[in-house]
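Thank you for making time for this today. I would like to walk you through one protein chain, starting with the overall picture and then moving to a few places inside it.

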Amino acid sequence: ASPLLRQAVSQVAALPSAANVLVVFDYDATQAGEMDQLADALLRHLLARNANLTAVSLNPIGPGLAQTTWDAIEPELRSQGAWRNLGYVAGQSIGVQEALLKAGPIDLVVELAASPDALRWWIEQRQAVGHPAPLIAGVSAAAESLALPYAQSRQVTGLISGAAGATVYAREAAVLTPETTTIKQVQLESLTLANWLMAVIVLIALVAVLFGRTRKGGPA
C-alpha cells in the first residue's frame, strides 16, 4: 500500500458516522472493468462508516454504472448507509459547480476518474468556489501519472489507482470478504494476462516490421 493509498483509507476512516459523501462516477462502460472495482471498494468502506452517499456524473453513462455498482452490493451492507443518484450533469467543468449545488452540504468528495481531465475539472472548480470538503480520487492506471502531481500538492488528499489499487485498498480498509477476494483476484489476473498478451502482439508486430525492412534492404 502506497502512502497516498493509505491517506485515502485514513480519510474515509476519519469520517463521522452518517457523513454526507459525494461519489462522482466519471467513466463509461468501456472503462468499467477497472473502475467498477475502485467504486466497489470505496463504497463498501463508506458504508462501513454509515455514510450517506450521493452519486453524480459528468458522463452520460456514469449514473447507470453508479446504480449497477450500488445494486451489486449485498443488501445487509447497503442498509448501513443511505443512497441517492442525482444522475448526469452536463457542462463538463462548469457542471462541477452545478453538481455541488445539487448535492448540498457534504463532508467528502470521492472522484472516480478514468481520465485526468475529469479529475482536473473537480479540483479547479472546487477551488474556484472555495468548496471546503476534501477530495480523494480513484483513477485508472493510465491516468495515475497525471494524477500524482495533484496528490503530491495536497489538492487530492488520497489516491487509489487501477484494479491492483482497488484490491489493496479493500484489504487495507478491511472490507474484503472471501468471495470478493476471489473475484478481485480473478479480475486482476485476467487484466494482467490481457496486458501481457497485448505486449506480445505488439512485440511480434515490431519484429515483423523490422524483419520486413531488413529483407527489402538486402541484396536482390
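This is a predicted model: local features need pLDDT of at least 70, side-chain atom pairs count only at pLDDT 80 or more; totals for chains, interfaces and linings use all residues.

The secondary structure of the chain comes to 9 helices and 6 strands, and of its 220 residues, 44% are buried. If we take the contacts between residues at least 6 apart in sequence, 76% of them join residues that are at least 24 apart. As for the surface, the chain exposes about 10900 Å², and carbon and sulfur atoms supply 61% of that area.

Let me begin with helix H6, which runs over residues 116–129 and so has 14 residues. From its first C-alpha to its last, H6 reaches 20 Å, which is close to the 20 Å expected at 1.5 Å a residue. Which residues of H6 are buried? They are Ala118, Leu119, Trp121, Trp122, Ile123, Gln125 and Arg126. As a reminder, an α-helix has 3.6 residues a turn, so residues three or four places apart point the same way. The cover over the buried residues of H6 includes strands S1, S2, S4 and S5, together with helices H5 and H7. Just after H6 comes Gly130, which takes a positive phi of about 65°.

Staying with this helix for a moment, Gln125 is found in H6, and with a relative accessible area of 12% it falls under the 20% limit, so it counts as buried. Leaving out residues up to four places away in sequence, Gln125 touches Ser93, Val96 and Gln97. Gln125 and Gly95, which are 30 residues apart in sequence, lie 9.1 Å apart in space, C-alpha to C-alpha.

I turn now to the nonpolar cores. The largest of them has 39 residues, and the members that touch the most others are Phe25, Leu46, Leu53, Leu112 and Tyr169. At least two residues of this core come from each of H1, S1, H2, S2, H3, S4 and H8, and the largest share, 9 residues, comes from H2. If we look at Tyr169 and set aside its neighbours within four places in sequence, we find it in contact with Leu5, Ala8, Val9, Val12, Ala41, Leu42, His45 and Ile160. Apart from this core lies another, of 28 residues, among them Leu4, Val96, Leu100 and Ala151.

Strand S2 is mostly covered, with 5 of its 6 residues buried.

Next, the aromatic rings, for which the count comes to 2 pairs. Phe25 and Tyr27 form a tilted pair, at 6.1 Å centre to centre and with 40° between the planes, and both of these residues are buried. Trp70 and Trp83 form a stacked pair, at 4.7 Å centre to centre and with 5° between the planes. Because Trp70 lies in helix H3 and Trp83 in strand S3, this second pair ties together parts that are 13 residues apart in sequence. Trp70, at 8% relative accessibility, counts as buried, and Trp83, at 18%, counts as buried too.

Finally, two more single residues. Not counting residues up to four places away in sequence, Met35 touches Tyr27, Leu112, Ala113, Ala114, Gly138, Val139 and Ser140. The C-alpha atoms of Met35 and Leu65, which are 30 residues apart along the chain, are separated by 9.8 Å.

The other residue is Gly87, whose place is in strand S3 and which is buried, with a relative accessible area of 14%. Leaving aside neighbours within four places in sequence, Gly87 is in contact with Ala55, Val56, Ser57 and Pro63. Gly87 and Gln67 are 20 residues apart in sequence, and their C-alpha atoms are 9.5 Å apart in space.

That is where I will stop, and I am happy to go back to any of these places on the screen.

Note on methods: Residues are numbered from 1 along each chain as its sequence is written. Side-chain values use heavy atoms; hydrogens and water are left out. Helices (H or I, at least four residues) and strands (E, at least two) are DSSP runs, numbered from the N terminus. Buried means under 20% relative accessible area, exposed over 50%, partly exposed in between (1.4 Å probe, protein chains only). Contact means heavy atoms within 4.5 Å. Accessible areas come from the Shrake-Rupley method with a 1.4 Å probe; for residues, only the protein chains shown count as cover. The expected span of a helix is 1.5 Å times one less than its number of residues. Rings of Phe, Tyr and Trp (its six-membered ring) pair if their centres lie within 6.5 Å; planes under 30 degrees apart count as stacked, over 60 as edge-to-face and the rest as tilted. A nonpolar core is a set of buried Ala, Val, Leu, Ile, Met, Phe, Trp, Tyr and Cys residues joined through side-chain atoms within 4.5 Å.
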